[in-house]
Amino acid sequence: MAHGADSGPRTFGQRVRRARERKGQSRPVLAGLVGRSAEWVKAIENDRLGMPRLSLLLRLAEALGVDDLAALTGDERLSAATYTKAAHPSLLRVKEALTDYDVLSRDEEPVPATQLADRVALAWQAWHGFGDHRSRVANVLPALLADLRYAARVQEGIERRRVLVSLAQGYHLAQLYLSFQPAPELVMLTGDRSMTAAQDADSPRAVAAAAWYLNHVFRDAGERHEARVELAMKSLQLLDPDRGPEDIALGGLLHLAAALSYAKVGQKGSAEHHWDTADRAAKRLGDGYAHPWLIFGRGMVDAYAITMRTDLVRAGEAVDAATHIDLGTMQSSTRRSFHIIETARAYSLQGESVAVVHLLQKAYEASPETARFNLFARGAAVELSENGSALVRDDARGLARQLGVAA
């Protein structure tokens, strides 16, 4: 339909559709260019999905041949609170710890591998515990990484390999701390270092865990899903379910990684196949099992079904999945908050703003720092506080103040 001077596209989705049609692209073609599914493009154009964050918005503009972002955004304000990442107060200290190579030799003996493993385990408990998990981990991470790297440099044989396993986990914690922080280059750095340490340790389980976290890095960076899945499946070959529960859990985790990668690009059949395999692993381990620091188990597999369905832009299925699980039993405040936010994201696809605000408030109560540094939570709070119905606007404004994004 032709648009007159006064009846041009008024929403972001309508402007995307006009730009796509002017360029003569089909939805599947545009989807392929930005690493999303055709259903995602359709949801954007029908305004079921809002404006994406800045990095994806720029890819969309490039694929559409649009030089001026205003041609897509119109008068809609590009809120810094919505489209940029907030910096945690300790970010600079963690950055310095990661880029301090400590080339001078020390006189003291290295900390034994068993003590380092105990300190790493305590750091994981801090990450998953209630309260300001990022702040607690940032307080111990610089010294922990320094001691791990020194021990890995001077120890030999089995002791060194044990240290390297702990070092890989230390880098996983650094990567998690850096997620949703304005330091993408360091996220890539920690992902690569964790895999290098795991390989040097010659530990199949450490490699599998590193592959799980690298899959998150690759998805956020927009890397090809084929490369992400290939890494997960290669790492899977190192595991043996007959060795015990940890290998079963890590295998299930890698299938979850593949499921999420396929969901990002709209390959529903492949995503569901790998989720089903992860589901069988969780069933084999039993309802009471949860990996001590990766948290793989029944609850995690069910919760990621919400993310998978939401990424496939199948809102009804995502909401249905959410109604059949109890996130309150998950043994990690941080993960519980994240998956509640993912549930809110599913409800947002259906335009249920009351549910979105309610769930984001629950996510904040479960883990304030998880909600405070989550892009969807920040963006939804700003959007609903400014443009939500009278029914939710006041609550959304209160939430925006809690998340530090109030105007």
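**Chat about a buried arginine and some helices**

Student: Which backbone oxygen does the side chain of Arg193 reach?

Tutor: The backbone oxygen of Leu98, at 2.8 Å. Keep in mind that this model is predicted.

Student: OK. Where is the place of Arg193?

Tutor: Arg193 sits in helix H11, residues 184-200.

Student: And is Arg193 buried or exposed?

Tutor: Arg193 is buried, yet it has no salt bridge. The nearest side chain of opposite charge belongs to Asp192, 6.6 Å away.

Student: What is Arg193 in contact with, leaving aside neighbours within four places in sequence?

Tutor: Leu98, Tyr101, Arg149 and Tyr171. Leu98 is also the residue whose backbone oxygen the Arg193 side chain reaches.

Student: Switching to salt bridges. How many does the count come to?

Tutor: The count is 19 salt bridges. One of them joins Arg243 and Asp247, with the closest N and O atoms 2.8 Å apart.

Student: What does Arg48 form a salt bridge with?

Tutor: Glu39, with the closest N and O atoms 2.9 Å apart. Arg48 is partly exposed at 30%, and Glu39 is partly exposed at 31%.

Student: Which residue forms a salt bridge with Asp394?

Tutor: Arg397, where the closest N and O atoms are 3.6 Å apart. Both residues lie in helix H22, residues 390-403. They are three residues apart, about one turn of the helix.

Student: Why does that spacing matter?

Tutor: An α-helix has 3.6 residues a turn, so residues three or four places apart point the same way.

Student: And how exposed are Asp394 and Arg397?

Tutor: Asp394 counts as exposed, at 55% relative accessibility. Arg397 is partly exposed, at 39%.

Student: Which residues are linked in a network of salt bridges?

Tutor: Lys268, Glu272, Arg309, Arg314 and Glu317.

Student: New topic: helix H16. How many residues has it?

Tutor: H16 has 14 residues, 298-311. From first C-alpha to last it reaches 21 Å, close to the expected 20 Å.

Student: How many of the residues of H16 are buried?

Tutor: 13 of the 14, so H16 is largely enclosed by the rest of the structure. Just after the helix, Val313 takes a positive phi of about 55°.

Student: Now rings. How many aromatic pairs does the count come to?

Tutor: Three. One of them is Trp212 with Tyr304: edge-to-face, 6.0 Å centre to centre, with 80° between the planes. The pair links distant parts of the chain: Trp212 is in helix H12 and Tyr304 in H16, 92 residues apart.

Student: Is Trp212 buried or exposed? And Tyr304?

Tutor: Trp212 is buried at 1% relative accessible area. Tyr304 is buried too, at 3%. Ring pairs also bring in Phe338, making a cluster with Trp212 and Tyr304.

Student: Last one: how many residues has helix H21?

Tutor: H21 has 13 residues, 375-387, and reaches 18 Å, close to the 18 Å expected. At its start, a side-chain oxygen of Asn374 comes to within 3.0 Å of the backbone nitrogen of Phe376.

Student: Which residues of H21 are buried?

Tutor: Among them are Leu375, Arg378, Val382 and Leu384.

Definitions and conventions
Residues are numbered from 1 along each chain as its sequence is written. This is a predicted model: local features need pLDDT of at least 70, side-chain atom pairs count only at pLDDT 80 or more; totals for chains, interfaces and linings use all residues. Side-chain values use heavy atoms; hydrogens and water are left out. Helices (H or I, at least four residues) and strands (E, at least two) are DSSP runs, numbered from the N terminus. The expected span of a helix is 1.5 Å times one less than its number of residues. Buried means under 20% relative accessible area, exposed over 50%, partly exposed in between (1.4 Å probe, protein chains only). Lys and Arg count as positive and Asp and Glu as negative; His and the chain ends are not counted. A salt bridge is a side-chain nitrogen of Lys or Arg within 4 Å of a carboxyl oxygen of Asp or Glu. A polar contact is a pair of N or O atoms within 3.5 Å; within protein, one must be able to donate a hydrogen and the other to accept it, and residues adjacent in sequence count only if both atoms are side-chain atoms. Contact means heavy atoms within 4.5 Å. Rings of Phe, Tyr and Trp (its six-membered ring) pair if their centres lie within 6.5 Å; planes under 30 degrees apart count as stacked, over 60 as edge-to-face and the rest as tilted.
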